Amino acid sequence: MSLSREEIDKLAKLLRDCNDTIKLNKDLKSKYEREIEIEFEQRSENTWASELVGNEMVLKRGSTKVIKPDDLRASIGEWIDPDELDRCIVPEHTEIKTIPEKVSITEVNKLHKQGGELANQIDKATKKITSSIKVSKKEEL
């Protein structure tokens with residue numbers, strides 16, 4: 001199936017409009033979330049407010065406890081046994097991650113430039129994928 005120029009224009013315009021709508025909605029969502037967060041903070045002066053209840057809707061916010069190690073030490077260090085405090089704090093450490101092997105396209109391109117059968121074999125192993133689709137208005141010539 002091959003698209004006509006008119007069909008391409010139609011699809012491009014639809015995609016552009018969709019992208020514009022998504023951006024607008026992301027901006028609106030951020031604005032609404034900021035307003036809601038401000039209201040939660042105002043209601044949380046003495047205790048943690050986790051719900052805003054309207055006539056028809058309820059907004060709930062989850063929470064994650066965050067305690068800095070030094071703050072914990074200062075707050076409860078003299079109240080508990082040092083061994084108990086040590087169990088509460090995960091010491092600084094380094095984690096090693098296994099990264100799967102991958103092809104260095106830069107190095108493969110150097111080999112490809114040599115041409116010949118080597119380049120043909122590289123072409124056979126190469127698969128092109130779509131990384132993104134951008135929409136722009138056609139320039140008038």
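## Contacts along the chain

Take the contacts in this predicted model between residues at least 6 apart in sequence: 15% of them join residues at least 24 apart.

## Overall dimensions

The radius of gyration is 29 Å, whereas a compact globule of 141 residues would have one near 14 Å.

## Secondary structure

You will find five helices and two strands here. Their order, starting at the N terminus, is α-β-β-α-α-α-α.

## Where α4 meets α5

Helix α4 covers residues 105–112 and helix α5 covers residues 116–125; the two pack at an angle of about 140°, and their axes lie 8 Å apart. That angle makes α4 oblique to α5.

On the α4 side, the residues involved are Val108, Leu111 and His112, and they meet Leu118, Ala119, Ile122 and Asp123 in α5. Sorted by class, this contact has five nonpolar residues, one polar and one charged.

## A closer look at Arg61

Arg61 sits in the loop between β2 (58–60) and α2 (69–76). Is Arg61 buried or exposed? Its relative accessible area is 13%, so Arg61 counts as buried, the cut-off being under 20%.

Leaving aside residues up to four places away in sequence, Arg61 touches Glu37, Phe40, Glu41, Ser44, Trp48, Ala49 and Ser50. With one of these, Ser44, the Arg61 side chain forms a side-chain polar contact of 2.8 Å.

Conventions. Residues numbered from 1 in each chain as written. Predicted model: local features only at pLDDT ≥ 70, side-chain atom pairs only at ≥ 80, totals over all residues. Heavy atoms only, no water. Axes fitted to C-alpha atoms, helices over the stretch in contact; angles between N-to-C directions. Helix = DSSP H or I, 4+ residues; strand = E, 2+ residues; numbered from the N terminus. Parallel < 35°, antiparallel > 145°, perpendicular 65-115°, else oblique. Contact = heavy atoms within 4.5 Å. Nonpolar A, V, L, I, M, F, W, Y, C, P; charged D, E, K, R; others polar. Buried < 20%, exposed > 50% of the residue type's maximum accessible area, 1.4 Å probe, protein only. Polar contact = N/O pair within 3.5 Å; in protein donor to acceptor, adjacent residues only side chain to side chain. Rg over C-alpha atoms; globule rule 2.2 N^0.38 Å.
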